[in-house]
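Me: Please take a close look at one part of this model, the open sheet, and then at the ring contacts. I would like the criteria stated along the way.

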Amino acid sequence: QVQLVESGGGLVQAGGSLRLSCAASGSTFSDYAGRWHRQAPGKQRELVASIGSRGTTSYAESVKGRFTISRDNAKNTVYLQMNSLKPEDTAVYYCNARRFVFGTYDDYWGQGTQVTVSS
């Protein structure tokens, strides 16, 4: 079992920055990929960025060059640094821990944190 708690959301003007944190507890977090998803009103949840257990990263095209995902396994924490924010980045951001074990995905989710970007 993994418990995830996000923090760092808030209201920011367009062009500004925020850093989201996702603190994990309960299991060996370093075994899991850390992923950030977001869901805007009326839209489906989308994967924004992910970082593997060995540090490999990937990003959605819409955030490449603006967002950076990182992890600190000593602190059991995954971060999402968001720069040059745009109004279309407004959404609830969810942290997800995932690992593939015994032929299936093992997923855990945080409660979400609101990010609002004003124009």
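Reply: Two strands pair if DSSP finds at least two bridges between them. Strands are DSSP runs (E, at least two residues), numbered from the N terminus. This is a predicted model, in which local features need pLDDT of at least 70, side-chain atom pairs count only at pLDDT 80 or more, and totals for chains, interfaces and linings use all residues. Residues are numbered from 1 along each chain as its sequence is written, and side-chain values use heavy atoms, with hydrogens and water left out.

Strand S3 (residues 18-25) and strand S8 (residues 77-82) run antiparallel and are joined by six bridges. Arg-19 stands opposite Gln-81 in S8. Both strands belong to an open sheet of four, ordered S1-S3-S8-S7, with antiparallel pairing. Strand S1 (3-7) and strand S7 (67-72) are its edges, each pairing on one side only.

As for the rings, a search of the whole structure finds two aromatic pairs (ring centres of Phe, Tyr or Trp, the last by its six-membered ring, within 6.5 Å; planes under 30 degrees apart are stacked, over 60 edge-to-face, the rest tilted). One of them is edge-to-face: Tyr-32 and Tyr-108, 6.1 Å centre to centre with 70° between the planes. Tyr-32 lies in the loop between S3 and strand S4 (33-39), and Tyr-108 in strand S10 (residues 104-109), 76 residues apart. Tyr-32 counts as buried because its relative accessibility is 0%, where buried means under 20% relative accessible area with a 1.4 Å probe, protein chains only. Tyr-108 counts as buried at 14%.

Terms used:
Buried < 20%, exposed > 50% of the residue type's maximum accessible area, 1.4 Å probe, protein only.
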